[in-house]
Amino acid sequence: MSSNKDDFTFNKVNLLKTPSGRKILKKGIIKDEGYRQFKKYADLSKNEYDGFVLRFKTDIYGLLNSDSVPLSTHDEFINEIGGSNDLRLDSKDFPKVKNNLLNGDNLFDRIKRILNSNFVKMTFPVFYALYDGFVDFKKDPSLLKLRNSVIDGHVIAIDLSEPMDRVLDKDEDVEYLDDYKFLSPYILRLAKQKISGVGNGVYREFGNGFKDALDGQQIDYEMKVGLKDLTYENLEQSYKKYRSILGTAGKNMSLNQKPLSEIYYIGMAKAAECVGCGNEIQDAIVTNGIKSPSWPLFYSVTTGNVKKGFKLTLDKSYSYLSEAYSALNMLDDDFEIKPFLGFLFLTVSHYNEFWYRELLSNRTDLLSKFQKDIDSKIINL
């Protein structure tokens, strides 16, 4: 996982701390096929990354520079994502922000900042592996000519969450939030351009997945502000924000062609939901608070027991992951990247186990704090 900002989670000392981490180390020692494939795609993505970044920067610059109606572009984007005024840039600021972005290295700096994302860096090698698996399955090397377009498009679409989250959370790059408001519509436009060039079926699937992800995000927001109750069903629906993004990307790494598109969807969607549980455990440690809404909050409040709430969250992550493994079992044993996917799912499991262990072993003070919050009704369903 050397392409990940959270390198320390996967160093040798921390791998030894979890059951899944010890399996990863064992596979590394014997250099089994899963380990070798995982290393191959981690190295490939590092080699390809600079070229991707250059294409991203150059294409965004071209879109900004050639757009004579940026206000219309902005309004169209705001409408498409549900009319959020938090992401709207005041029209009087457009000329200043656009000129600033097109001046010197400012645009390139902003792109570099939003690409510094765990989600982006962890999915990049996965998409290469999935696409290669598809090409081998179809026995058609000519399909490789579409690889950059479909991978670039989906990575750029995933990266769109970074500037949007920073604007909404206001906890990172606060001096550049107007730049991110201005850039976001062009990032989505570029993703669409790349994916639409691959084919109508792929582009239509991307559109459906993007809409589902926005629906999940909306349900998440409505629970956060109290418009919807924190319930099991609402949480499952909100998790579309995870499963739709990666599940759709999985489908399209097989150019949305069955049966592989369905298998890839299950594997990627369920792995993403599994990681979502781990994110919520990690967030509790990093922010000293239980995220609302989240599985730890739901289980803690429902049972009245915070320690049990986090254990149930880990159990929930295993439930998601077992469905991801079911996708693996749908593939023939000679499917080229099957070992890679098995190794990938182990890294997901280790990530969750590591943060759960960190909370229980090293942050019992937080567990006590969270329990007091629950008992005093500071946190309610």
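**View 1. Thr123 in helix α7.** Thr123 is buried, at a relative accessible area of 5%; buried stands for under 20%, exposed for over 50% and partly exposed for values in between, with a 1.4 Å probe and protein chains only. Helix α7, residues 118–138, holds Thr123. Helices are DSSP runs of H or I with at least four residues, numbered from the N terminus. Leaving aside residues up to four places away in sequence, Thr123 touches Ile158 and Leu246, where contact means heavy atoms within 4.5 Å. This is a predicted model, in which local features need pLDDT of at least 70 and side-chain atom pairs count only at pLDDT 80 or more, while totals for chains, interfaces and linings use all residues. Residues are numbered from 1 along each chain as its sequence is written, and side-chain values use heavy atoms, without hydrogens and water.

**View 2. The buried face of helix α6.** In α6 (residues 106–115), the buried residues are Leu107, Arg110, Ile111, Ile114 and Leu115. Around the axis they cover an arc of only 130°, so they sit on the same side of α6. The arc is taken from the directions that run from the helix axis to the C-beta atoms. These buried residues pack against α3 (33–66), α5, α7, α8 (147–159), α9 and α10.

View 3. Pro70, Thr73, His74, Phe77 and Ile78 are the buried residues of α4 (residues 70–80). They line one face of the helix, because seen down its axis they fall within an arc of 130°. Their cover includes α5 (94–101), α9 (161–169) and α10 (177–196). Exposed Glu76 and Asn79 are carried on the face of α4 turned away from the buried side. Just after α4, Gly82 has a positive phi of about 105°.

**View 4. Phe310 in the largest nonpolar core.** This core has 115 residues, and Ile60 and Phe310 touch the most other members. A nonpolar core is a set of buried Ala, Val, Leu, Ile, Met, Phe, Trp, Tyr and Cys residues joined through side-chain atoms within 4.5 Å. Helix α17 (residues 338–362) gives the largest share of the core, 12 residues. Not counting residues up to four places away in sequence, the contacts of Phe310 are Ile281, Ala284, Ile290, Pro296, Ser300, Tyr356, Leu359, Leu367 and Phe370.

**View 5. A nonpolar surface patch at Leu227.** Tyr221, Val225 and Leu227 make a nonpolar surface patch of about 320 Å². Nonpolar patches join side chains of Val, Leu, Ile, Met, Phe, Trp and Tyr within 5 Å, from residues with over 30% relative accessible area and no salt bridge; a salt bridge is a side-chain nitrogen of Lys or Arg within 4 Å of a carboxyl oxygen of Asp or Glu. Leu227 is exposed, at 65% relative accessible area, and lies in the loop between α11 (200–224) and α12 (232–238).

**View 6. Backbone geometry in the loops.** Most residues other than glycine have a negative phi, and most peptide bonds are trans. Lys31, in the loop between α2 (19–30) and α3, has a positive phi near 50°. Asn256, in the loop between α13 and α14, has a positive phi near 55° and is partly exposed at 24% relative accessibility. The peptide bond from Lys258 to Pro259 is cis, with omega near 5°. Another cis peptide bond runs from Ser292 to Pro293, with omega near -5°; Pro293 is in the loop between α14 and α15 (295–303).

Technical notes:
Helix = DSSP H or I, 4+ residues; strand = E, 2+ residues; numbered from the N terminus. Patch = residues over 30% accessible without salt bridge, like charges linked within 9 Å, V, L, I, M, F, W, Y side chains within 5 Å. Areas by Shrake-Rupley, 256 points an atom, 1.4 Å probe, with all protein chains shown as cover.
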